[in-house]
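Please read the report below alongside the sequence and the structure, which are shown first. The text begins with paired charges and then turns to the chain as a whole and its surface.

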Amino acid sequence: MFNIGPLEFLLLAAVALIVFGPDRLPDLARDAGRMLRALRDVAQGARSQLNSELGPDFADFDLSSLNPRTAIKNALLGDDDFSSLNPRESIQRALRGEDDPATLPAVDLDKPATAPYSPAEQYPAEQPLAPGERPPIDPEAT
C-alpha cells in the first residue's frame, strides 16, 4: 500500500522512537491503528451504502472500474481479461516462431503499400515568395 521496504520501516521506527520517545510511542501506535480501522469502516460503509442505493441492477458493480487506469485499459483493450497478456512473452514467442500462423494476418511483402490519399493531392504546391514580398499572415494563429 505504501511501498515501504523493511529498511525504510526500521528507519521510520527509529526516527519515531527518537522524536516521540519510548513512553508515548505505544500510545501513538494504538491511536494510529484505531484511526486506520475507523477509516476502513467508513470506506466499507460508504461502499455498502452505494451498492444498496444502486439497487439490484448494479449488484455486480466493481468500484475499481472507476479507477482511471482501469477505465483506459478497458477502453483500449475492451472488457476482456488481458491480465495474462505479457508483451515480453509474446515477443519472445514470436521470435522463437511459436505463434500460430493461422491467427496472424497474411501480408504480401511483394506488393507495395498504398496510401488512401497522396499529400500532393490534398495540399497544392506552395509557390515561393517574390523578393521583397511579405508572407501571408494568419490572424487566427496569433
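The structure holds 2 salt bridges, a salt bridge being a side-chain nitrogen of Lys or Arg within 4 Å of a carboxyl oxygen of Asp or Glu. This is a predicted model, in which local features need pLDDT of at least 70 and side-chain atom pairs count only at pLDDT 80 or more, while totals for chains, interfaces and linings use all residues. Residues are numbered from 1 along each chain as its sequence is written, and side-chain values use heavy atoms, with hydrogens and water left out.

Side chains of opposite charge can pair when their charged atoms come close.

| Arg | Asp | Distance, N to O |
|---|---|---|
| Arg30 | Asp27 | 2.9 Å |
| Arg34 | Asp31 | 3.5 Å |

Arg30 and Asp27 are 3 residues apart in helix α1, so about one helical turn separates them. Likewise, Arg34 and Asp31 are 3 residues apart in helix α1, and therefore about one helical turn lies between them.

How accessible are the residues of these pairs? Relative accessible area sorts residues into buried (under 20%), exposed (over 50%) and partly exposed (in between), using a 1.4 Å probe and protein chains only.

From the N terminus on, the elements run α-α-α-α. Of the 142 residues of the chain, 1% count as buried. The chain exposes about 13,700 Å², and carbon and sulfur atoms supply 60% of this area; accessible areas come from the Shrake-Rupley method with a 1.4 Å probe, and for residues only the protein chains shown count as cover.

A nonpolar surface patch of about 580 Å² is made by Leu11, Val15, Ile18, Val19, Phe20 and Leu28. Patches are made of residues with over 30% relative accessible area and no salt bridge, with like charges joined within 9 Å and nonpolar side chains (Val, Leu, Ile, Met, Phe, Trp, Tyr) within 5 Å.

Conventions. Helices (H or I, at least four residues) and strands (E, at least two) are DSSP runs, numbered from the N terminus.
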